[in-house]
Amino acid sequence: MNRFIGFLTIIVALVLCGDVCLAEDMVQIKGSDTLINMVQKLSEIYMAKKPGTAIAVTGGGSGTGIAGLINKRCDIANASRQIKSSEVEDANKRGVDPKRVVVAIDALSIIVSAQNPVDKLTVDQIGKIYRGEIKNWSEVGGNDLPITLYGRQSNSGTYDFMKENVMLGEYSPNLKSMNGNAQIAEALNQDVSGIGYVGVGYAKEASGIKVLKVATKPGATYYDPMNSIDVKNGKYPITRPLNQYVNGTPKGPVRSFIIFELSEEGQAIVEKEGFFAIPGEYQAYNDQTLGITGTVRDDPMRPKDLGVNDGIG
Amino acid sequence: MAKHNNFKEKFIHGLFFLNGLLVIIVLVGIFVLLVTKSLPAFKEIRFSEFLFKANWNPTATFVTPSYGIGSMLVSTLMVSIGALAIAIPLGIGAAAYLSDVASQRVREIAKPIIEILAGIPSVVIGFLGIVLVGPVIAKIFHIPNGLNALNGSILLAVMALPTIISLSEDALNSVPKSFQEASLALGATHWQTLVRVKIPAALSGIIAASMLGMGRAIGETMTVLMATGCAIAMPTSFLQSVQTMTATIAIELGEVPYNTTHYYALFGIGLVLFIITFIVNMISDIVLHKYQRVLK
């Protein structure tokens, strides 16, 4: 009996401790598979600098992350697409006010096997391929080989982004739905007939694949997503912001972490992970989300100054 | 003292009764949940369309969303039946070997190893499907990739084998010794005894084992999600990518907005799965009971 009471005490103590000593500086981040490696790296470096904060980053797809934010199961939702109006409605119904922060820019890369002779496509061709209208590589200047479509699952923000912004139509039912960027890159390493899309950070890391150059229309110049100048000028046609959604104006550890991500150091990590730092227009947008007004906006050292204001050394 | 013991006895009796009851309550609870959560879907989807059309695209934005699970139903049955076609002959062979041919020592080593096979996480098996089985299939059949129904079948066969082997061996062992002795006394060889006497006598046990294996194969999720390619088109051969019902639920339930037709339709898939596995398990149970009566 005594032992039982001892056991009970330990459990109660653990539960209480869990509430009191863990809850305060625990940040749960969930969502996009495209962002996961980058945000994980950011959080590791942040945690090393600021002991006492625990950040857990998990995947599951943009849709899963946003659903998690709506159900209050995470503090930050990573999303490689923007939130849908239906999701905002759902969130508002549950008393959640989703606010968006843009943390990086991605050049969505169209990849094929390294053995595929095709090295460029137009946006229209990519759309036709994924809608199932172009079925053979010979129709776009390649070998006589049926095209195998690799894409993401419907909980992926990248899946939605492709559909809404590149394909402008529904996916072919023959699309193979893969579990993440890495799995698509791995599949194309083996499959000569395949085509796939991954965040540029993954395209840079993968082996045995080729990243295609993309043009807006036939006759226009083809641009390479690996070329940071073309991406930052907006010349590469399939660029997109990588977002994080939070509930209301962020406070406490969530805010500190986001400010770290947007700082010069954070953005340098973003570039090191293969993605691109955010341009000025998004910085202004982020200031709004963070509730920062006016005066410091034009200061080139702005993020650092903010860091001091918000208590990050 | 006697009184105390009596109380204890009654208490334990009651506790066990409650435990038994709990299982039934949970089962009924799951069934009720599935039915109530999936019923609203059929206000908007015709039931025949749901079951027989192969046009699952609930997140469509450029056309109207459609909810036909026909191709997934076919995919699930294809992958499971394919798995059984591989696992049953192998399983019976292994069981016969263990019960009749292997020496005591080999049996003592082999049986635990087979049981360990049952404990390998399905993610690991799925990973093997991607990096090992897939490329081998691609090479053998000269196709560009090996993410297809055959891959799923092979992996599920591996996962169903421990169940089938272990239960079939029990069935073979419980064939009365007199059967075997009579057969050998009539001049039959060891092989003839095994194939014509023991296996037929244990057949219902073996069938029950196979059905339980199938139950496992139908419900398996992670492995098929990783290895079968997950394409929603209606499959026409084992070398095509398929997406099973379980994979669809696993992929989509995490992000689906609550209380939408899509959400209810996913529970509808769950209900269909529940009914299929329930029928399979019930058949195996009936067969098993019949066989126990025959031998008694």
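**Stop 1: the two domains of chain A**

Select domain 1 and domain 2 of chain A and look at where they meet: 20 residues of domain 1 are in contact with 17 residues of domain 2. In this predicted model, domain 1 covers 25-105 + 241-309, and domain 2 covers 109-232. Taken over C-alpha atoms, the centres of the two domains of chain A are 28 Å apart.

Now colour the side of domain 1 of chain A that touches domain 2. Three elements of chain A give two or more residues to this side: α2 (33-49), β2 (54-60) and α3 (62-70). The most comes from α2(A), with four residues. Sorted by class, this side of domain 1 has eleven polar, six nonpolar and three charged residues.

**Stop 2: chain A as a whole**

Show chain A as a cartoon. Its secondary structure comes to 13 helices and twelve strands. Chain A has 313 residues, and 47% of them count as buried. Take the contacts in chain A between residues at least 6 apart in sequence: 73% of these join residues at least 24 apart.

**Stop 3: K251(A)**

Select K251(A), which sits in the loop between β12 (239-247) and α10 (252-262) of chain A. Is K251(A) buried or exposed? K251(A) counts as exposed, because it has 11 C-beta neighbours inside 10 Å, and the cut-off for exposed is 12 or fewer.

**Stop 4: where chain A meets chain B**

Bring in chain B. The contact between the chains takes 27 residues from chain A and 22 residues from chain B. On the side of chain A that touches chain B, at least two residues each come from α3, α4 (85-93), β8 (176-178) and α7 (181-190) of chain A. This side of chain A has 16 polar, six charged and five nonpolar residues.

**Stop 5: chain B as a whole**

Of its 296 residues, 38% count as buried. Among contacts in chain B between residues at least 6 apart in sequence, 73% join residues at least 24 apart.

**Stop 6: helix α7 of chain B**

Select residues 149-173 of chain B, which form helix α7. This helix has 25 residues and reaches 35 Å from its first C-alpha to its last, close to the 36 Å expected at 1.5 Å a residue. Where does α7(B) bend? The bend, of about 40°, is at A160(B), and a proline, P162(B), follows within four residues. Of the 25 residues of α7(B), 22 are buried, so the helix is largely enclosed by the rest of the structure.

**Stop 7: the largest nonpolar core**

Show both chains again. The largest nonpolar core has 146 residues, and A104(A), I111(A) and A160(B) are those with the most contacts inside it. A160(B) is also the place of the bend in α7(B). That helix, α7(B), gives the most to this core, with 15 residues.

Finish by selecting A104(A). Leaving out residues up to four places away in sequence, A104(A) touches M38(A), L242(A), V270(A), F275(A), F276(A) and I278(A).

Notes:
Residues are numbered from 1 along each chain as its sequence is written. Chains are lettered from A and ligands numbered from 1 in the order in which they are written. This is a predicted model: local features need pLDDT of at least 70, side-chain atom pairs count only at pLDDT 80 or more; totals for chains, interfaces and linings use all residues. Domain bounds come from an automatic or database domain assignment. Two residues are in contact if their C-beta atoms, placed from the backbone, lie within 7 Å. Ala, Val, Leu, Ile, Met, Phe, Trp, Tyr, Cys and Pro count as nonpolar, Asp, Glu, Lys and Arg as charged, and the others, Gly among them, as polar. The expected span of a helix is 1.5 Å times one less than its number of residues. The bend at a residue is the angle between axes fitted to the seven residues ending there and the seven starting there. A residue is buried if 20 or more other C-beta atoms lie within 10 Å of its own, exposed if 12 or fewer, and partly exposed in between; C-beta atoms are placed from the backbone. A nonpolar core is a set of buried Ala, Val, Leu, Ile, Met, Phe, Trp, Tyr and Cys residues joined through C-beta atoms within 7 Å.
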